[in-house]
Amino acid sequence: MTSKVKGNIRTSKLVNEIQPSGIRKFFDLASSMDNIISLGVGEPDFVTPWATREACISSLERGYTAYTANAGLLELRVEICEYMKKQFQLSYDPKNEIIVTVGASEALDIALRAIVDPGDEVIVVEPTFVSYAPLVTLAGGKSVSVGTTVETNFKLTPDQLLKAITPRTKAIMLSFPNNPTGATMTKEELEAIAKIVEEHNLIVLSDEIYAELSYDNKHASIANIEGMKERTIIISGFSKAFAMTGWRLGFVTGPSDIVSAMLKIHQYTLMCAPTMAQYAAVEALQTGMEDVNKMVQSYKQRRNYFVKSFEEIGLPCHVPGGAFYAFPSIKDTGLTSEQFAEQLLISERVAVVPGHVFGSGGEGHIRCSYATSLDNLKEAVTRIGRFLEKL
Ligand code: PMP
């Protein structure tokens, strides 16, 4: 409905610059249909393990319903720091170098707002999670997209990075394992990127929310490379590996000057992450790693099946090393990714996301999440195969 209020458009120039997420349209269409197999959602099909849910219930029974410290429960910050040390050999000070946030989503937002001045450029390596470029815009910056391609298995190359850097470049946003491509980067590959980052004095925002979901090699964090920890903000959280999307719990670790700047924004906007979710997360870190490992094994099995099946029905698919997405190429069909997704949904009732919504390099591909049962995946492959035969 258009506003009856006369005069200028009432919303800000910044917000007018950004568009609603391209994923939404397909969810809306799919939710009005029956017998849909959805490969569209980016969240685990597992329910949060019981011990974690029980810890939340117990915190409520004990009456822990007040705010926590702005940066999060100290007990949780200590657990997260131990986790980062054990899993990724990264040491952070629980008092100054970490904030518990409302999902990785909030962490991304406050990190950008803490470092970007008007007109600063932030390099966004695409295809990637849909929020990055809009968040850069909302922070007053200018996003500069660098499109990776299937030829390099969707890894960022040093050459691509060098070409995108200008005197206004402030930071680079990396996300490996990647949503939507599943691409990962090895320590050696990141070292070549780190060298350029250091030479140009950039800040790295490294979204490592899928770190645990690395199937072929152990996850490599860019912060682990010499000289990088003091210029890297790691964004992570509980949504994916711990199957906790609805709990809205993430965290950020980084150098204390940037973290304390972020804390100021967090303090005024969110105050603190939900208390009961924080108590649950303490339990998840203390006793939940076995559950995480079981889920990882299950995703790996599904990935292997899915990628092989795509090849068999004639959709070339690079092997995603992590996360829970396959990103097959649909170029040979002659359809755009939007046409492919729309026609597949209407004719075979399989929901996928067109690659172009993830930015440069995404067109010609579709994102198919394999965070759903093997039975669903098998049915989806049969339907997609039938769709391809009809083209
Ligand atoms: N980063 C990436 C790469 C993601 O895929 C997502 C969720 N799809 C997020 C961040 C947001 O996660 P959270 O639920 O913790 O806000």
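A: Let's start inside. Thr232, Ile234 and Ser236 point one way from S7, while Ile233, Ile235 and Gly237 point the other way, and all are buried. Keep in mind that this is a predicted model.

Q: Why is S7 described as largely enclosed by the rest of the structure?

A: Six of the six residues of S7 are buried, so the strand is largely enclosed. The cut-off matters here: a residue is buried if 20 or more other C-beta atoms lie within 10 Å of its own.

Q: And why do the side chains split into two sets?

A: In a regular strand, side chains alternate between the two faces of the sheet.

Q: In which sense does S7 pair with S6, parallel or antiparallel?

A: Parallel, over four bridges. Ser206 has Ile234 in S7 as its bridge partner.

Q: What about S7 and S8, parallel or antiparallel?

A: Antiparallel, again with four bridges. Ile235 stands opposite Val252 in S8.

Q: OK, zoom out. What is the strand order in the sheet?

A: The order is S2-S8-S7-S6-S5-S3-S4. That makes seven strands in an open sheet, with mixed pairing.

Q: Which strands sit at the edges?

A: Strand S2 (98-101) and strand S4 (142-147). Each of them pairs on one side only.

Q: How many degrees of twist from one strand to the next?

A: The average is 20°.

Q: How do S5 and S6 pair?

A: In the parallel sense, over four bridges. Strand S5 covers residues 169-174 and strand S6 covers residues 203-207. Met173 has Leu205 in S6 as its bridge partner.

Q: Which strands does helix H4 lie across?

A: Helix H4 (residues 74-88) lies across S2 and strand S8 (250-253). It runs at about 110° to S2.

Q: And helix H9, which strands does that lie across?

A: Three: S2, strand S7 (232-237) and S8. Helix H9 (residues 256-269) runs at about 30° to S2.

Q: Switching topic. What domains does the assignment give?

A: Domain 1 (13-47 + 290-390) and domain 2 (50-288). Their C-alpha centres lie 24 Å apart.

Q: How many residues are in contact between domain 1 and domain 2?

A: 35 residues of domain 1 are in contact with 35 residues of domain 2.

Q: Which elements supply the domain 1 side?

A: Helix H1 (13-17), helix H11 (289-312) and strand S9 (325-326) each supply at least two residues of the side that touches domain 2. H11 gives the most to that side, with seven residues.

Q: What's the class make-up of that side of domain 1?

A: It has 18 nonpolar, eleven polar and six charged residues.

Q: Now the ligand. Which residues come nearest?

A: There are 13 residues around the ligand, and the nearest are Gly103, Ala104, Ser105, Asn179 and Ser239. Helix H5 (residues 103-115) gives the most to this shell, with three residues.

Q: How do the shell residues divide by class?

A: Three are nonpolar, nine are polar and one is charged.

Q: You listed Asn179 by the ligand. What kind of peptide bond joins Asn179 and Pro180?

A: A cis one, with omega about 20°. Pro180 is found in the loop between S5 and helix H8 (187-199).

Q: Which peptide bond is cis with omega near -5°?

A: The one from Glu126 to Pro127. Pro127 lies in the loop between strand S3 (121-126) and helix H6 (132-138).

Q: Why flag backbone geometry like this?

A: Most peptide bonds are trans, and most residues other than glycine have a negative phi. That leads to phi. Arg248 has a phi near 55°, a positive value in a residue other than glycine. Ala323 has a positive phi too, near 60°, and is likewise not glycine.

Q: Where is Arg248 found?

A: In the loop between S7 and S8. Arg248 is partly exposed, with 19 other C-beta atoms within 10 Å.

Q: And Ala323, buried or exposed?

A: Ala323 counts as buried, with 30 C-beta neighbours inside 10 Å. Its place is in the loop between H11 and S9.

Technical notes
Residues are numbered from 1 along each chain as its sequence is written. This is a predicted model: local features need pLDDT of at least 70, side-chain atom pairs count only at pLDDT 80 or more; totals for chains, interfaces and linings use all residues. Two strands pair if DSSP finds at least two bridges between them. Axes are lines fitted to C-alpha atoms, for helices over the stretch in contact, and angles run from 0 to 180 degrees between N-to-C directions. Two residues are in contact if their C-beta atoms, placed from the backbone, lie within 7 Å. Domain bounds come from an automatic or database domain assignment. Ala, Val, Leu, Ile, Met, Phe, Trp, Tyr, Cys and Pro count as nonpolar, Asp, Glu, Lys and Arg as charged, and the others, Gly among them, as polar. A residue is near a molecule or strand if its C-beta atom, placed from the backbone, lies within 6 Å of it. A residue is buried if 20 or more other C-beta atoms lie within 10 Å of its own, exposed if 12 or fewer, and partly exposed in between; C-beta atoms are placed from the backbone.
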